[in-house]
Amino acid sequence: MNPPCGRCNKPVYPTEKINCLDKYWHKGCFSCEVCKMALSMTNYKGFEKKPYCTMHYPKTSFTIVTDTPENLRLKQQSMLNSQALYKEEFEKNKGKGFSVVVDTPEMQRVKKTQDQISNIKYHEEFEKSKIRSDAPPPENRQDYEDQPSNPVSHFSQSAGQMRTAAVAPHSGGKRYQAMYSYMATEADEVSLQEGDLILDVEPIDEGWVFGFNQRTGQRGMLPANYVRPV
């Protein structure tokens with residue numbers, strides 16, 4: 001019995017039979033599924049057991065990329081590389097002169113912090129100059145000259161008192177206490193340990209305050225949600 005043709009389902013006789021793609025075809029029926037161009041055993045391309053010419057052979061394409069752990073890792077690595085390159089370029093171009101600076105919230109925060117640090121340094125230098133210019137009162141100077149003392153030890157004590165007075169924090173500001181430990185990540189920030197007492201606290205912007213860490217003697221910025229008023 002003659003098998004049916006893969007296209008027209010009519011019997012295929014041995015003289016015109018083409019055996020391909022697990023089917024039998026008439027020579028005239030063995031053509032491209034799209035353009036109907038006659039094909040042969042040397043120029044056809046099979047897809048899902050159907051013949052196609054080279055021009056109309058279906059091409060597989062992918063439109064969705066699955067977020068596999070490997071793809072997520074590569075995406076994160078690419079972002080880290082981009083940030084590292086940006087930082088490297090920023091460091092290279094630092095100090096070469098820029099005509100335009102974008103006034104972002106981060107730049108405003110840094111500028112405000114720098115202004116506050118400059119004001120604090122100015123007041124500290126002013127207090128130091130006052131201490132150096134103050135002389136003992138006239139009524140106490142005679143008693144001071146009459147007391148026999150070691151000039152070296154007396155000079156050391158006076159210098160220690162001057163340093164203490166110069167770096168002592170102001171006591172008129174707000175007092176806060178650290179609830180959590182915090183490691184500073186920028187030069188203008190202050191590290192904290194749980195229980196540290198923070199003096200002269202002033203709010204700067206949303207989420208940040210400026211204060212004096214009594215334990216370390218450092219002034220700078222710290223996260224507002226790490227401390228509480230006392």
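Reader: How many helices and strands are in the protein chain?
Author: The predicted model has 4 helices and 9 strands.

Reader: What pattern do they follow along the sequence?
Author: The pattern is β-β-β-β-α-α-α-α-β-β-β-β-β.

Reader: What share of the residues counts as buried?
Author: Of the 230 residues, 19% are buried.

Reader: And the accessible surface of the chain, what does it come to?
Author: About 17600 Å². Carbon and sulfur atoms hold 55% of that surface.

Reader: What about contacts across the sequence? What percentage join residues at least 24 apart?
Author: The figure is 37%, taken among contacts between residues at least 6 apart in sequence.

Reader: Let's go to the sheet. Which strands form it, and in what order?
Author: The order is E8-E7-E6-E5-E9. Those 5 strands make an open sheet with antiparallel pairing.

Reader: Which are the edge strands?
Author: E8 and E9, the latter at 227–229. Each of them pairs on one side only.

Reader: How are neighbouring strands turned against each other?
Author: By 45 degrees on average, with direction ignored.

Reader: Take E7. Is E7 mostly covered or mostly open?
Author: Mostly covered. In E7, 5 of 6 residues are buried.

Reader: How many bridges join E6 to E7?
Author: There are 5, and the two strands run antiparallel. Phenylalanine 210 in E7 is the residue opposite glutamate 202.

Reader: What sits between E6 and E7?
Author: A turn of 2 residues, which makes the pair a hairpin. Glycine 207 is in that turn, with a positive phi of about 90 degrees.

Reader: Which residue in E8 is the bridge partner of valine 209?
Author: Leucine 222. Proline 223, also in E8, stands opposite tryptophan 208.

Reader: And the turn between E7 and E8, how many residues?
Author: There are 4 residues between these strands, and they form a hairpin too. Glycine 217 in the turn has a positive phi of about 75 degrees.

Reader: Switching topic. How many salt bridges in the whole structure?
Author: The search finds 4.

Reader: Start with arginine 215. Which residue does its side chain meet?
Author: Aspartate 196, at 2.8 Å from N to O.

Reader: Why does that pair tie together separate parts?
Author: Arginine 215 lies in the loop between E7 (208–213) and E8 (218–223), while aspartate 196 lies in the loop between E5 (174–178) and E6 (197–205), so the pair ties parts that are 19 residues apart in sequence.

Reader: Where does arginine 219 come in?
Author: The side chain of arginine 219 meets aspartate 200 in a salt bridge, 3.8 Å from N to O. Arginine 219 is in E8 and aspartate 200 is in E6, 19 residues apart.

Reader: How covered is that pair?
Author: Aspartate 200 is buried, at 10% relative accessibility. Arginine 219 is partly exposed, at 23%.

Reader: What about arginine 7?
Author: Arginine 7 forms a salt bridge with glutamate 33, at 3.2 Å from N to O. Arginine 7 is in the segment before E1 (17–20), and glutamate 33 is in the loop between E2 (23–26) and E3 (45–47), 26 residues apart.

Reader: Last one, arginine 109. Where is its place?
Author: In helix H2, residues 105–133. Arginine 109 counts as buried, at 9% relative accessibility.

Reader: What does arginine 109 contact beyond its neighbours in sequence?
Author: Leaving aside neighbours within four places, Asp205, Trp208 and Met221.

Reader: How far apart are arginine 109 and aspartate 205?
Author: They are 96 residues apart in sequence, but 7.2 Å apart in space, C-alpha to C-alpha.

Notes:
Residues are numbered from 1 along each chain as its sequence is written. This is a predicted model: local features need pLDDT of at least 70, side-chain atom pairs count only at pLDDT 80 or more; totals for chains, interfaces and linings use all residues. Side-chain values use heavy atoms; hydrogens and water are left out. Buried means under 20% relative accessible area, exposed over 50%, partly exposed in between (1.4 Å probe, protein chains only). Contact means heavy atoms within 4.5 Å. Accessible areas come from the Shrake-Rupley method with a 1.4 Å probe; for residues, only the protein chains shown count as cover. Two strands pair if DSSP finds at least two bridges between them. Axes are lines fitted to C-alpha atoms, for helices over the stretch in contact, and angles run from 0 to 180 degrees between N-to-C directions.
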